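Biologist: I have a structure open and would like to go through it with you. Can we start with the charged pairs, then move on?
Modeller: Fine. Here it is.

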Amino acid sequence: MEQFESYEELERRRRERQLRKRRKKRRRIIVLILIIVLALVCVFVVPILRGPALPEGQTVTVSIAEGSNTRDIAAVLKDNGVISSELLFLIAVRNSEYYGKLRFGEFELQGGMDTSEVIEALATGGARKDTLSITIPEGYSVENIVQRCVENGLGTAEDYEAALAAEYDFAFIEYIPQKEGQKYRLQGFLFPSTYEFYKTASAEDVVRTMLAEFEKQYKTVADDFEGVYDVVNKAALIQRESKLESENARIAGVIENRLAADMRLQIDASVVYAVSDGAYDMERVMNSDLNVDSPYNTYRNKGLPVGPICNPGLAAIEGALHPEEHNYLYYHTDTTKNDGSHIFTETYDEHLATMN
């Protein structure tokens, strides 16, 4: 009689086969993981253990182009044999005190320097040739900036007219509308700071560098660029109106309250921009100036100006992003304190009373 295996025996053998398959699969996964780890060690750990890419006693001069970002700098260093890994350099910069502070120019780097020393050299030293430093104060208009740059020998007024109309590849640019009556589309986005340029830098180099600085700084206070145009428009008004950073958010609150109440903003700085053609060289606003026919005049037109009236600093931008909640609709300079502060009131009668 033919012998048949029992159901239990068949089931036992099936489980054993499945177990052997799982063990083989697990071994393959472990081997794959080991291969990946070994590859990572070869790519990242070995260069560290091997030490600096540039041998001691050797010196190399690297040239970092103006407007270079950290990735560009890493590529130049790798090409010149200064670093072994671009990725490790980027990580080291990100976690260093010099993040966002690497400079352009020519730098002599010595063999034996570790990554942190290279980063410090790029941020604080280097052999710079034929450069000049220009400070752009907060509240400067495009017109003011162009004048200062031209006076320092960086291009001509015509060069800047062309540069301001050029196309630039920054994420926030798409949020800047083209409006009828808008004098400069990039007004408000040339970030005020101290810059160092090659004397041969073009007007486009200057504009691009300031736009890059705006993008970097704005990302420190906002999650994205949605609504950036209105934020900068309000911040520009705040920048020209406020003498004390502590009042920025309060003035921003007045702007929001007036917009919500469908009132004209009636901000003197907008009149000065229109009447002075962006030069801000007026000592006082006359009553006759309040009727100037300009889309920037907030005495004549409701809502925000057609565009920013200057280039605000980070504190003014933060004020516009986080306006103080209150019921004030009016403010004027406190002539008693004479410290740049303002008196804020809720009604027009209170406003008039505090001016006496």
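Modeller: Asp277 forms a salt bridge with Lys183, and their closest N and O atoms are 2.5 Å apart. A salt bridge here is a side-chain nitrogen of Lys or Arg within 4 Å of a carboxyl oxygen of Asp or Glu. Before going on: this is a predicted model, in which local features need pLDDT of at least 70, side-chain atom pairs count only at pLDDT 80 or more, and totals for chains, interfaces and linings use all residues. Residues are numbered from 1 along each chain as its sequence is written, and side-chain values use heavy atoms, with hydrogens and water left out.

Biologist: Where do Asp277 and Lys183 lie?
Modeller: Asp277 is in the loop between helix H10 (268-275) and helix H11 (314-321), and Lys183 is in the loop between helix H6 (157-164) and S4, so the pair ties together parts that are 94 residues apart in sequence. Helices (H or I, at least four residues) and strands (E, at least two) are DSSP runs, numbered from the N terminus.

Biologist: Which residues are linked in a network of salt bridges?
Modeller: Glu143, Lys183 and Asp277. Lys183 is partly exposed, with a relative accessible area of 33%. Buried means under 20% relative accessible area, exposed means over 50%, and partly exposed is in between (1.4 Å probe, protein chains only).

Biologist: How many salt bridges does the structure hold?
Modeller: Eight. One of them joins Glu204 and Arg208, with the closest N and O atoms 3.4 Å apart.

Biologist: How are Glu204 and Arg208 placed in helix H7?
Modeller: They are four residues apart in helix H7, so about one helical turn separates them. Glu204 is partly exposed at 33% relative accessibility, and Arg208 is partly exposed at 32%.

Biologist: And what about Glu213?
Modeller: Glu213 forms a salt bridge with Lys216, where the closest N and O atoms are also 3.4 Å apart. Both lie in helix H7, three residues apart, which is about one turn of the helix. Glu213 counts as buried because its relative accessible area is 16%, while Lys216, at 35%, is partly exposed.

Biologist: Changing topic. How much space lies in the largest pocket?
Modeller: About 1,400 Å³. On a 1 Å grid over the protein atoms alone, a pocket is an open set of points with protein on both sides within 12 Å along at least five of seven lines, whereas a cavity is a set of points where a 1.4 Å probe fits but cannot get out; lining residues have an atom within 4 Å of a point. Grid points are joined across faces, edges and corners, and a volume is the space filled by probe spheres set on the points.

Biologist: Now Asn233. Buried or exposed?
Modeller: Asn233 counts as buried because its relative accessibility is 1%. It lies in helix H8 (residues 228-241). Not counting residues up to four places away in sequence, Asn233 touches Leu304, Pro305, Val306, Gly307 and Pro308. Contact means heavy atoms within 4.5 Å.

Biologist: What does His351 touch?
Modeller: With the same exclusion of residues up to four places away in sequence, His351 touches Tyr330, Tyr331, His332 and Thr345. His351 lies in helix H12 (residues 348-354) and is buried, with a relative accessible area of 11%.

Biologist: Last one. Where does Gln178 lie?
Modeller: In the loop between H6 and S4. Gln178 is exposed, with a relative accessible area of 63%. The C-alpha atoms of Gln178 and Val306 are separated by 9.7 Å, and these two residues are 128 residues apart along the chain.
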